[in-house]
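Subject: Handover of a structure and notes on its contents

Dear colleague,

Please find below the structure that I am passing on to you. The notes that follow it set out what was found.

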Amino acid sequence: MSKKSAKDTPREENPPVDAAVVPDGTGDATGKDTGAASPAPDGAATEATAGDGAGTPAAGATVTETPRASEPVAPPVLDKGENVLEVRDLVKHFPITQGIVLRRKVGAVQAVDGINLDLRRGETLGIVGESGCGKSTLAKLLIGLERPTSGTIKVRGQDLTELRGGDLLAARRNIQMVFQDPYTSLNPRMTVGDLIGEPFEIHTDVVPRQGRRQRVQELLDLVGLNPDHINRYPHQFSGGQRQRIGIARALALEPEVLLCDEPVSALDVSIQAQVINLLEKLQDELGLSYLFIAHDLSVVRHIADKLGVMYLGRVVEYGNAEEIYEAPTHPYTQALLSAVPVPDPKLRGMRDEIVLEGDVPSPANPPSGCRFRTRCWKAEDVCAEETPLLQVRENSRHASACHFAQKRDVVHGSA
Amino acid sequence: MSIVSRMKKQTAPSTSGRPEADSSAPLLEVENLQVEFRTRDGVAKAVNGVTFTLEAGRTRAILGESGSGKSVTAQAIMGILDSPPGYVTGGAVRHRGVDMLKLNREQRRLMRGSTVAMIFQDALSALNPVFTVGFQLGEMFRVHRGMSRKDARTKAIELLDLVRIPGAAQRVDDYPHQFSGGMRQRVMIAMALALDPEILIADEPTTALDVTVQAQIMKLLAELQQERSMGLLLITHDMGVVADVADDISVMYAGRVVEQAPVSEIYDAPAHPYTKSLLESIPRVDLRGQELSVIKGLPPTLTAMPPGCSFAPRCYMAREKCGQEAPPAFDVAADRISRCHYWDEVHPA
C-alpha cells in the first residue's frame, strides 16, 4: 500500500523512471521541484517497484520525488511480505539548555534525524554504525523508552507515538528488547522464574496466574536452558546463559519484533556463535522479525537480510544486506567495511583498506549538507550545500545518500 | 617527598647489582611461566606453563577468551601482577638473557617503561582523570630521566605529535576526558613509547574502540613498531586483528598455550581442535551465510580443572585418553606446538 504512494518524477519532464526513492526526512526533500513535476500514474510506479524490487534509474536522469504532504514515501521495496514495523521520518533531538531558573534552549543534540525503516515478518534488519551515530537512541525510541521529537513508529499498523496509557501498554507487547549486557540487565535479587515471569505481572491477561510458572519453564526450554533451573539466580549462570535468560524474557509476551541491541558483543567468541544460532533458530520457529543493532559488521553480515548504515543520526545506505556488503556505494560504508579485519592472514594487505581521518563530528553541531563530508575523500562543494537524499542511484539496486555514490568492493582481497 | 626525588636518589645504586644483559639472547623469552591466584575457593592456576620467545621487530599475538590467562601472562611479564592474590610460582621471563623475575623491586621498576611498556585496554580508566595528559606523559621523563618540568612538557608535545594527535601543543594541557576514545588510546600509546621500550605489550588495545578507529590505531602501532623495531606482544581475542598484524600466535585456553605457530599455518591448518572450532565459529565480513559451528559448553573453572586435557569436555573429538592424561606439547613442526593427543588428526599432514 505504501508502495503506491511512491511517485517518481523525473526532474526534466522525462517519462516516468522506475526508481524507488526515499526522503531523508530533513524537509528539503519535500517541495523541491514540485512545480516542474507532473505525478506519474499510480500504476506505473507500482509496477516499477513491485516488478524487480528496487529498479535501476535510467542513466543520467536525476530523480526526485513529490510525496503527498500527509503520506511519506516508503523506502525501496526489497521483497514482499507484511510490514510489522514501519518507521517514518523519525526524529529525536535532545535539547541543550542553559540557565537554572530561566532555562532556555541553546541547541539540540540531533541524535536521530529523519529515519525511515521497514521491517517485514521473519526478516532481520541490521543497523550498523559507530558509537554516537544514534543506533541506541533509535532502539530506545522504537521500544518507547524515549518519545520522538517527530515522526511515526508503526507496529502492525498501530502508531506507537500516538498511543497513550492502556493502548500503548498493549501495543508494546509486539515489540520487545534484548539488551547488550546480560550482567547488568538482569536483577541479581530476582530468580530466573521471577525475571522471565515479570512481563506477565504487567500484562496480566497474557497467561493466567496458575499457568505462569509452566509458561516460564517452556520459555526456558525454548532458549535451551534447563527448565529445572527456574529457581536459580542470575549469578549462577554464565554470560551466554544469562543472555539466553534475557532472550526468554523478551519472548515472554510473544512479540513479533525483537530489538536486539548488541546482543552478543559482551560475550566471548566461542559463546557468541551459540547465541547467534539460537536467535536464528527462534526466528525460524516463531517467525520473529529482528532489528539487530551491532557494531560488529561480521556478525551483522551473518544474520541480517537488510541493512541500514547510520552516520550521525541519519541512514546513509539502506537496502539488501548482501548487496551492500558486496558493493557498498556510500563512502562511509566503504570505509567502515574496509576497516573490519578479516580472519585470514593470506588476505593481509590485500584489502582495499580506507583509513578515515579524524573523529565523528558532534551531533550537537553536525556539518551542513552531507554529514560525512568532513571526513570524506570525495567531498566537493555540493556536499556542503545540498543534503544528499537516500535514494537508489545509478548502477546500484540499493539506496545510498551520497552525491557521488559509486560501487566499490572493499571486503575482498584484490588479488 | 615526591616520587621523583625518591627515584633520583635510588637510581644510581640499584642498577649496579643488575646482571649483565647478553645482546645475542632473544629479546624476550618466557619459559614455563606459572602464575596462580590463591582465592577463597582454592588455588586457580591462571597461567600454567606458558613458553614462547619474542624477537625484535616481530609481533606475537596471544589469543584467548576471557579467563584463559592471556592478560595475567602480560601482567606477569610486565611485573604488575596484583599480589596477593596472584603469585608467580615458577618459570622465567628473560629479557636478553636476564631473568626479570629474579630482579629486586627497584631494578624491576626501572625496567618498566624503559624496557617493557604496556598499553592497556581501557584508556579512560588507565589515565588519571585529575592530571592533564601532558603532566602524565611528562612524569615518565621526570621520574626516569630526571628532566625538569619544562623539558618534560616539551617531550610530551613531541610524543603527542608522534602518535599523530592534531594540535599537540594545545592538547597537551587537556585532561583525559576531553579526548575521544581513539585519541585517548593514542595518548596511551604515546605514554608507552615515551622511554623507547624494546618490548611493547598491548593488552586488547582496540577492544573498546569502533572499527574505523581500530584501523587507525592498529596502523599507527604497526608503523611505530617498524620504525623502532620493537617486539610487540599483542593480547587479544579478535582473530581478525591477529590475522592482520601478527607474525606468530599463541592460542591460550584455561591457562595453557594449546597451540603455538606462525600465523599463516594456524589459519590454514589448525592443529588443535580448540583453534579449529574457534575459527569455524566466527562470522566473517567477507563471506556470507557460512554455518557457524558451535563450541558446546563453557570454559572450565580454574579452581576445578578437569583431569586430563582441559578442553576435552568441549571437544568434538575427545576420547577416553583425553579425560585421563594431560597432553604434553607435541612438536608439530619447527616453531609449532600443539597440546592435543590427536593433533595429527586435526591437522592432516
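The term pLDDT denotes the predictor's confidence in each residue, on a scale from 0 to 100, and a contact means heavy atoms within 4.5 Å. The structure is a predicted model, in which local features need pLDDT of at least 70 and side-chain atom pairs count only at pLDDT 80 or more, while totals for chains, interfaces and linings use all residues. Residues are numbered from 1 along each chain as its sequence is written, chains are lettered from A and ligands numbered from 1 in the order in which they are written, and side-chain values use heavy atoms, with hydrogens and water left out.

Confidence

The model has an ipTM of 0.78 and a pTM of 0.77. For chain A the average pLDDT is 79, and 80% of the residues score at least 70. Over residues 1–80 of chain A, pLDDT stays under 50, and the model has 135 contacts beyond four places in sequence for this stretch. Where pLDDT is low, the predicted coordinates should not be read in detail. Chain B averages 85, with 93% of the residues scoring at least 70. Residues 9–16 of chain B have a pLDDT below 50, and this stretch has seven contacts in the model beyond near neighbours in sequence.

Chain A

Helices (H or I, at least four residues) and strands (E, at least two) are DSSP runs, numbered from the N terminus. Chain A contains eleven helices and 14 strands. A residue is called buried under 20% relative accessible area, exposed over 50%, and partly exposed in between (1.4 Å probe, protein chains only). Of the 415 residues of chain A, 56% are buried. Accessible areas come from the Shrake-Rupley method with a 1.4 Å probe, and for residues only the protein chains shown count as cover. The accessible surface of chain A is about 17100 Å², and carbon and sulfur atoms account for 47% of it. Among the contacts in chain A with a separation of 6 or more, 68% join residues 24 or more positions apart.

Tyr183(A) sits in the loop between strand 8 (175–178) and helix 4 (192–202) of chain A. With a relative accessible area of 45%, Tyr183(A) is partly exposed. Apart from neighbours within four places in sequence, Tyr183(A) is in contact with Ser238(A), Gly239(A) and Arg242(A). Its C-alpha atom is separated by 43 Å from that of Ala379(A), which is 196 residues away along the chain.

Chain B

Chain B has 14 helices and twelve strands. Its C-alpha trace spans about 65 × 50 × 45 Å along the principal axes. The radius of gyration is taken over C-alpha atoms, and the globule rule is 2.2 Å times the number of residues to the power 0.38. For 349 residues a compact globule would have a value near 20 Å, and the 21 Å of chain B agrees with this. Of these 349 residues, 54% are buried, and chain B exposes about 14800 Å², with carbon and sulfur atoms supplying 50% of that area. Residues 24 or more positions apart make up 65% of the contacts in chain B with a separation of 6 or more.

Helix 12 (residues 273–281) of chain B is largely enclosed by the rest of the structure, because seven of its nine residues are buried. Among the buried residues are Pro273(B), Tyr274(B), Leu278(B) and Leu279(B). The cover over the buried residues of helix 12 includes helix 7 (269–286) of chain A, as well as helix 10 (239–245) and strand 9 (248–253) of chain B.

Arg284(B) lies in the loop between helix 12 and helix 13 (320–324) of chain B. Arg284(B) is buried, at a relative accessible area of 16%. In sequence, Arg284(B) and Gly240(B) are 44 residues apart, yet their C-alpha atoms are 8.7 Å apart in space.

Two further loop residues of chain B complete these notes. Leu81(B), in the loop between helix 2 (70–78) and strand 4 (86–95), is buried at 15% relative accessibility. Beyond four places in sequence, the contacts of Leu81(B) include Val35(B), Phe37(B) and Val72(B). Thr115(B), in the loop between helix 3 (105–111) and strand 6 (116–119), is buried with a relative accessible area of 10%. Not counting residues up to four places away in sequence, Thr115(B) touches His95(B), Pro197(B), Glu198(B) and Ile199(B).

With kind regards
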